[in-house]
Amino acid sequence: MQLLYAVGLLGLYLVLLIGEFFLPTGGTLGIAAAVTAIAAVVVGFTVGPITGMMITATILLSTPAILYAAVRLWPKTPIGRLILNRTPGQIDAPVESRIRGGERRKDLVGKIGTARTNLLPGGQIELQGQRLDAVSEGAPIDAGTRVIVISAVAGKLRVRPASETDQTSPPETPADTQPEVSPDIQETLDAFDLHDFIDDTEAESEREQRP
């Protein structure tokens with residue numbers, strides 16, 4: 001009878017250990033599984049040393065296997081997906097680096113600032129009223145030198161000394177940027193029908209060609 005108790009406790013331990021990973025119990029099943037495992041070993045040794053050793057070996061061998069399998073399968077369960085808020089195989093999109101004002105660092109390319117520390121090659125520059133980490137493209141840059149951002153890599157800006165051309169040239173306008181149109185002009189453009197204009201022109205041309 002005690003052998004049946006030992007085997008039953010061992011089976012209950014395995015069930016509780018698996019349930020700890022797949023049920024949101026806050027560790028209750030894990031504690032119960034540990035108590036059950038100790039009880040199974042104690043009852044097993046009361047049956048005999050061989051039985052106790054077999055139950056102990058079963059616990060020591062099965063526990064790592066169950067933990068490994070549970071960790072691999074848990075994110076794919078409904079509870080795991082709910083807690084992690086992701087689907088199996090989901091790859092998070094990279095987060096774009098931004099400055100405190102919310103502007104993306106890569107949007108600072110072409111902007112001109114001032115080196116606040118010596119860039120040897122790393123240091124800090126002041127750009128748009130903020131101090132930002134920057135790296136010199138080549139030779140060291142002295143503090144106080146006007147610099148221009150040439151790229152943004154790994155959260156740091158790569159800069160070089162700004163030439164006179166860089167400081168005097170107007171900022172580039174993105175190709176997809178369209179000039180603003182006043183509401184009155186836009187209303188006139190909306191009211192203008194190009195097809196009617198073409199039809200009127202063709203009709204007038206036909207009238208002029210008649211004898």
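Student: What should I know before reading the labels?

Tutor: This is a predicted model, where local features need pLDDT of at least 70 and side-chain atom pairs count only at pLDDT 80 or more, while totals for chains, interfaces and linings use all residues. Residues are numbered from 1 along each chain as its sequence is written, and side-chain values use heavy atoms, with hydrogens and water left out.

Student: What makes residues 2-22 helix α1?

Tutor: Helices are DSSP runs of H or I with at least four residues, strands are runs of E with at least two, and both are numbered from the N terminus. Helix α1 has 21 residues, so the run passes that cut-off. From first C-alpha to last, α1 reaches 31 Å, close to the 30 Å expected at 1.5 Å a residue. That expected span is 1.5 Å times one less than the number of residues.

Student: Why is valine 41 called partly exposed?

Tutor: Its relative accessible area is 21%. Buried means under 20%, exposed over 50%, and partly exposed in between, using a 1.4 Å probe and protein chains only. So valine 41 is partly exposed. In α1, by contrast, Ala6, Leu10, Tyr13, Leu16, Leu17 and Gly19 are buried.

Student: What do the buried residues of α1 pack against?

Tutor: They pack against α2 and α3. Contact here means heavy atoms within 4.5 Å. Among the α1 residues that meet α3 are Leu3, Ala6 and Leu10, and the α3 residues include Thr51 and Ile55.

Student: How do you know that α1 is roughly parallel to α3?

Tutor: Their packing angle is about 15°, with the axes 10 Å apart. Axes are lines fitted to C-alpha atoms, for helices over the stretch in contact, and angles run from 0 to 180 degrees between N-to-C directions. Under 35 degrees counts as roughly parallel, over 145 as roughly antiparallel, 65 to 115 as roughly perpendicular, and the rest as oblique. That makes α1 and α3 roughly parallel.

Student: And why are α2 and α3 called roughly antiparallel?

Tutor: α2 and α3 pack at about 155°, with their axes 5 Å apart, and they are therefore roughly antiparallel. Residues making the contact include Ala37, Val41 and Gly44 of α2 and Pro49, Ile55 and Ile59 of α3.

Student: Where does valine 41 sit, and what does it touch?

Tutor: Valine 41 lies in helix α2, residues 28-47. Not counting residues up to four places away in sequence, valine 41 touches Ile55, Thr56 and Ile59. The C-alpha atoms of valine 41 and isoleucine 55 are separated by 6.1 Å, though these residues are 14 apart along the chain.

Student: How do you know that β1 and β4 pair?

Tutor: Two strands pair if DSSP finds at least two bridges between them. β1 (residues 112-115) and β4 (residues 146-153) have 3 bridges and pair in the antiparallel sense. In one of these, isoleucine 112 has isoleucine 148 as its partner, and threonine 114 stands opposite arginine 146.

Student: What joins β1 to β2?

Tutor: There are 2 bridges, and the strands run antiparallel. Alanine 115 stands opposite isoleucine 125 in β2. β1 and β2 form a hairpin with 6 residues between them. Proline 121 lies in that loop, and the peptide bond from leucine 120 to proline 121 is cis, with omega near -5°.

Student: In which order do the strands close into a barrel?

Tutor: The order is β1-β2-β3-β5-β4, with mixed pairing.
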